[in-house]
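Thanks for coming. I will go through one model this morning, starting with its packing and then moving to the sheet and the aromatic pairs.

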Amino acid sequence: MIVDKLNDIINSYGEKSSLKTFCLYVRDNIYDTDRLNVKDVSEGCYMSKGQISKCIRYLGYDSFSHFKDDCIAYKDSLTRKKMMFDPERDLASNVVETTQRYVSCLDYTVRNMDYGRLADMTQDIMNSRCVYLYGQGEARGNCYNMQRELKYLNVSVLILDERLQEDVMFEAQDLLIVCSTNGQLFEYNRRRVRKLKQMPVRKWLITWNANISFCHNQLVIPSLDSSCNEMIMTYVIHTVLMHAETL
């Protein structure tokens with residue numbers, strides 16, 4: 001996610017860094033990126049156009065238009081994100097209601113989960129030479145969690161770059177796991193989905209959306225209420241990791 005990249009730079013670079021200045025400006029103005037051009041950003045950052053281009057390349061983009069596309073995609077994703085708390089209620093009521101809803105959803109999921117598929121995916125992970133992960137938005141956060149936890153089990157894990165610009169040389173025992181919580185990747189980024197499908201590697205998809213047909217191995221998580229899907233996706237990922245510890 002573009003904001004994660006920006007925050008990584010902001011949190012790790014000094015105040016005098018031109019790259020940090022650029023990232024701060026973009027983050028603070030990301031809602032306006034659809035109308036900004038290189039000149040606007042250059043003037044806003046008090047930097048030359050050449051410096052702006054250098055910053056964009058450092059972040060992994062080959063052009064301002066590609067960089068701008070990711071900023072716009074992030075802004076659009078926020079409009080699809082559901083609010084958990086009701087602004088008309090007080091904090092205590094929101095916490096109680098949300099917790100009750102989450103518990104109900106979690107109970108539904110654990111009662112209806114296909115544990116055979118979950119076990120097969122976990123076994124596939126542990127038998128792989130290298131596990132590649134791909135996700136966008138909230139799902140990308142789950143990829144980082146999997147990478148961190150599987151490291152303790154001596155599993156080699158790499159996360160594919162979000163734009164899929166880097167070519168990967170897969171080997172026979174490699175595995176690719178795609179995380180797409182509600183299937184929005186397949187609705188809004190079909191070009192990237194085609195590229196993922198064409199990758200010559202064994203694949204698994206983890207999603208709530210039972211209508212997606214991406215690969216032979218798919219773990220579809222039973223959903224009672226879509227507002228809790230992101231939280232319970234994280235729970236399911238941790239269930240996979242806990243099972244992996246027993247193998």
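**Cores, sheet and rings**

The largest nonpolar core here has 30 residues, and I125, L133, I177, I206 and L219 have the most contacts inside it. By nonpolar core I mean a set of buried Ala, Val, Leu, Ile, Met, Phe, Trp, Tyr and Cys residues joined through side-chain atoms within 4.5 Å. Buried is under 20% relative accessible area, exposed is over 50%, and partly exposed is in between, with a 1.4 Å probe and protein chains only.

Before going on, the conditions: this is a predicted model, where local features need pLDDT of at least 70, side-chain atom pairs count only at pLDDT 80 or more, and totals for chains, interfaces and linings use all residues. Residues are numbered from 1 along each chain as its sequence is written, and side-chain values use heavy atoms, with hydrogens and water left out.

At least two of its residues come from each of α6 (91–112), α7 (115–127), β1 (131–135), α8 (138–151), β2 (157–159), β3 (175–180), β4 (202–207) and α11 (229–244). The largest share, 6 residues, is from α11. Helices (H or I, at least four residues) and strands (E, at least two) are DSSP runs, numbered from the N terminus.

What does I206 touch, leaving out residues up to four places away in sequence? The list is M121, I177, V178, C179, S180, L219, I221, M233 and I237. Contact means heavy atoms within 4.5 Å.

Next, the sheet. It is open, has 5 strands in the order β2-β1-β3-β4-β5, and the pairing is parallel. Two strands pair if DSSP finds at least two bridges between them. At the edges stand β2 and β5 (217–220), each with a single partner strand, so one side of each has no neighbour in the sheet. From one strand to the next the twist averages 20°. The parallel pairing of β1 and β2 runs over 3 bridges; V131 has V157 in β2 as its bridge partner.

Across β1, β2 and β3 lies α8, running at about 160° to β1. For the angles, axes are lines fitted to C-alpha atoms, for helices over the stretch in contact, and values run from 0 to 180 degrees between N-to-C directions.

Now the rings. Searching the whole structure gives 6 aromatic pairs. Rings of Phe, Tyr and Trp (its six-membered ring) pair if their centres lie within 6.5 Å; planes under 30 degrees apart count as stacked, over 60 as edge-to-face and the rest as tilted.

Y13 and Y58 are edge-to-face, at 6.5 Å centre to centre and 85° between the planes. Y13 is in the loop between α1 (2–12) and α2 (18–28) and Y58 is in helix α4 (residues 49–58), so this pair ties together parts that are 45 residues apart in sequence. Y13 is partly exposed at 30% relative accessibility, and Y58 is exposed at 51%.

F22 and F67 form a tilted pair, 5.6 Å centre to centre with 40° between the planes. Here F22 lies in helix α2 and F67 in helix α5 (residues 64–79), so again parts 45 residues apart in sequence are tied together. F22 is buried at 0%, and F67 is buried at 2%. Ring pairs also join F22, Y61, F64 and F67 into a cluster.

Last, V201, in the loop between α10 (190–198) and β4. Is V201 buried or exposed? V201 is buried, at 12% relative accessible area.
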